[in-house]
Each structure stands twice: as structure tokens, then as C-alpha cells.
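Thanks for coming, everyone. Please have a look at it first.

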Amino acid sequence: LGGEERELTLLFCDVRGFTAISEQFDAVGLTSLINKLLTALTHEILNRQGTVDKYLGDGIMAFWNAPIDDREHARHGCLSALAMLDEMAPLNSRLAMEAKEADRKHIPLKCGFGLNTGLAVVGNMGSEQRFDYSVLGDIVNLAARLEGQSKFYGVDIVLGAETCAQVPSMATIELDLIQVKGKTVGVKIFALLGDEAIEKTGDFRTLRNNHQQMIATYRAQEWDIAKARLKECRILCEPFGLDQLYDLYETRITEHEANPPAPDWDGVYV
């Protein structure tokens, strides 16, 4: 028993709307479905030096930089999440064919991801009778919270600030400044939209530039400019599927115009 403090990158993955999906199967069929999903996703984690901590029903908790040293743990975590997303299309195609053969409705599987990087204790946790090789720390809790935010913001992958800082060449945009449950200060969160190749494209860089201006003018309470930038972002975001995110900001701006924030407003969303 015992552990050591290390900088790790944590990943949480969860299937959205799993209750409705599970209603299509009996216990044996549901077990088979889960196994097919987790096998495909686990493959992408292990291929990039990741460690699977545990399976959480229809989800996965994994981490990088333990027990094997990995200087690129944040990048490998992000690439794993992107690869896991890519796995969903062929997996859903196979499941759709099986559903058709069984004369059963097919509900496509969709996953959300949260990644966070920082110091945590990793090692053998538990009792003398039974223990697991696992991770403890505040970064673990925040990573789980970020995964939950993916649905709220309408994006697939949400990154903590430190994870984003360690992958400057990947395609990321700032989502928000939020105060999650159990926290007293705001934290910046980001969306991962693609790898290094996507980051180099003109479409992404133009979107990122306009998006940064929209966020900055929103926090400066320059509502008219923010709305103009947001309108441009809606056109530019088509390849990246960010409509829900911009719907959210449009609603906020409308509310703030009608009811201006307090003078000390810092843009944090609780």
C-alpha cells in the first residue's frame, strides 16, 4: 500500500443517453454491447501508453504518466480521446447492422470526454486485504466534472487549463470560465477540436481568432461587438459542430443586455 505524487493527465469517458440505449437490450445483450464499446475504446488508450484505472459501467477512467514515464502524457491523452471518437463511427455502423438483423431499433452511441492535468498521488490504494492501483487528487475530481460539462457545452472533449497549456499545437478553443461544484474559484475550460493537422488549417485558425474576440468582448460587456463576432463564429464553426455552444452564449448575452451584471462581474459561470 502507498503511492507517490506525480504529474498525470486524467481522462474520463462516458456514453451519453445510456439509459435509453440500455432499454433496447436484456442483461446479456447489454453486457455484450458494453464489452464491444469498452474493447474498442481501451485499445486506443493502451496504444498511447495510457493506463486504464477502472471501468465505470458504460464509462472509462484512465491516466497517463504512471506507472510508465511519459513526457507527452497530455498529448497522448488528447490523441487517445480523438482516436476514441473516431472509433465510434465504425462501431456504430456494426451495431446498426446487428440491430437491423435483430429487428431492433438502433440508437447510436455517443461519448463525452473530460481531460485534466496536474499533481496527484498514484499507487496502491485500499486495504491490506484488497487494493487497486489508482489515483487520488483534486485533478481527478475536476476531470470527472469536465466530462460532465461536455454535454452542457455541446462538444465532445473538454480540457482543463493545464492540459490545454501542454498541447499548444493542437486545435483547442476556450469554452468558458466556470466554477464547478465544490470549488470556490473559477477555472478556464477548453474544447479539443482536433490534432496538430487541424490546428494548421485556415478554417480552424480563422474560427479561433473570431472566437477569442467573442469571448474577450463578452467578458468586457461589449455586447454589440460580442454579438457581431458570435454571428461570424456561427458561419465559421460549421465543420466543428459548435452550434450549441454559440446558442448558449447568445442566450447569455441577451440576458445580460436585459439585466446587466454587477460592476464586479468577472465572467465566471457558476
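I start with one pair of side chains. Arg-48 and Glu-44 meet in a salt bridge, 2.9 Å from N to O. Keep in mind that this is a predicted model. Are these two partners buried or exposed? Glu-44 is buried, with a relative accessible area of 9%. Arg-48 is partly exposed, at 22%.

How many salt bridges are there? The count comes to 17. Let me pick out a few more.

Take Arg-16 and Asp-156. Their side chains form a salt bridge at 4.0 Å, N to O. This pair links distant parts of the chain, 140 residues apart. Arg-16 sits in the loop between strand 1 and helix 1. Asp-156 sits in the loop between helix 4, residues 138-153, and strand 6. Arg-16 is partly exposed, with a relative accessible area of 22%. Asp-156 is partly exposed too, at 37%.

Now a pair inside one helix. Asp-224 and Lys-227 meet in a salt bridge of 3.9 Å, N to O. They are three residues apart in helix 8, so about one helical turn separates them. Here is the background. An α-helix has 3.6 residues a turn, so residues three or four places apart point the same way. Back to our pair. Asp-224 is exposed, with a relative accessible area of 59%. Lys-227 is partly exposed, at 37%. There is also a network: salt bridges with shared partners join Glu-4, Arg-6 and Asp-69.

Let's stay with helix 8. It covers residues 223-236, which is 14 residues. At 1.5 Å a residue, helix 8 should span 20 Å. Its end C-alpha atoms are 20 Å apart, so the two values agree.

Which residues of helix 8 are buried? They are Trp-223, Ala-226, Arg-229, Leu-230 and Cys-233. These residues cover an arc of only 125 degrees around the axis, so they lie on the same side of helix 8. And the face turned away from that buried side? There we find the exposed residues Asp-224, Lys-231 and Ile-235. So Asp-224, one partner of the salt bridge with Lys-227, belongs to that face because it is exposed, at 59%, and turned away from the buried side.

What covers the buried residues of helix 8? The cover includes helix 7, residues 202-219, and helix 9, residues 243-258. Gln-212 is found in helix 7. Gln-212 is partly exposed, with a relative accessible area of 48%. Gln-212 and Arg-229 are 17 residues apart in sequence. In space, they are 9.1 Å apart, C-alpha to C-alpha.

On to the cores. The largest nonpolar core has 34 residues. Leu-109, Phe-113 and Leu-159 have the most contacts inside this core. Which elements give two or more residues to it? Among them are strand 1 (2-15), helix 2 (27-46), helix 3 (73-101), strand 4 (111-126) and strand 8 (187-194). The largest share, nine residues, comes from helix 3.

There is a second, separate core, of 31 residues. This second core includes Leu-175, Leu-230, Cys-233 and Leu-245.

What does Leu-159 touch, leaving aside neighbours within four places in sequence? Its contacts include Cys-78, Leu-115, Leu-146, Val-167, Ile-189 and Leu-192.

Helix 3 also holds Asn-92. Asn-92 is buried, with a relative accessible area of 13%. Again leaving aside neighbours within four places, Asn-92 is in contact with His-106, Pro-108 and Leu-109.

Last, the whole chain. There are nine helices and eight strands. Along its principal axes, the C-alpha trace spans about 60 × 50 × 35 Å. With 270 residues, a compact globule would have a radius of gyration near 18 Å. The chain has 20 Å, which agrees. Buried residues make up 46% of the 270. And take the contacts between residues at least 6 apart in sequence: 68% of them join residues at least 24 apart.

How values were computed. Residues numbered from 1 in each chain as written. Predicted model: local features only at pLDDT ≥ 70, side-chain atom pairs only at ≥ 80, totals over all residues. Heavy atoms only, no water. Core = buried A, V, L, I, M, F, W, Y, C linked by side-chain atoms within 4.5 Å. Buried < 20%, exposed > 50% of the residue type's maximum accessible area, 1.4 Å probe, protein only. Helix = DSSP H or I, 4+ residues; strand = E, 2+ residues; numbered from the N terminus. Contact = heavy atoms within 4.5 Å. Expected span 1.5 Å × (residues − 1). Arc of directions from axis to C-beta. Rg over C-alpha atoms; globule rule 2.2 N^0.38 Å.
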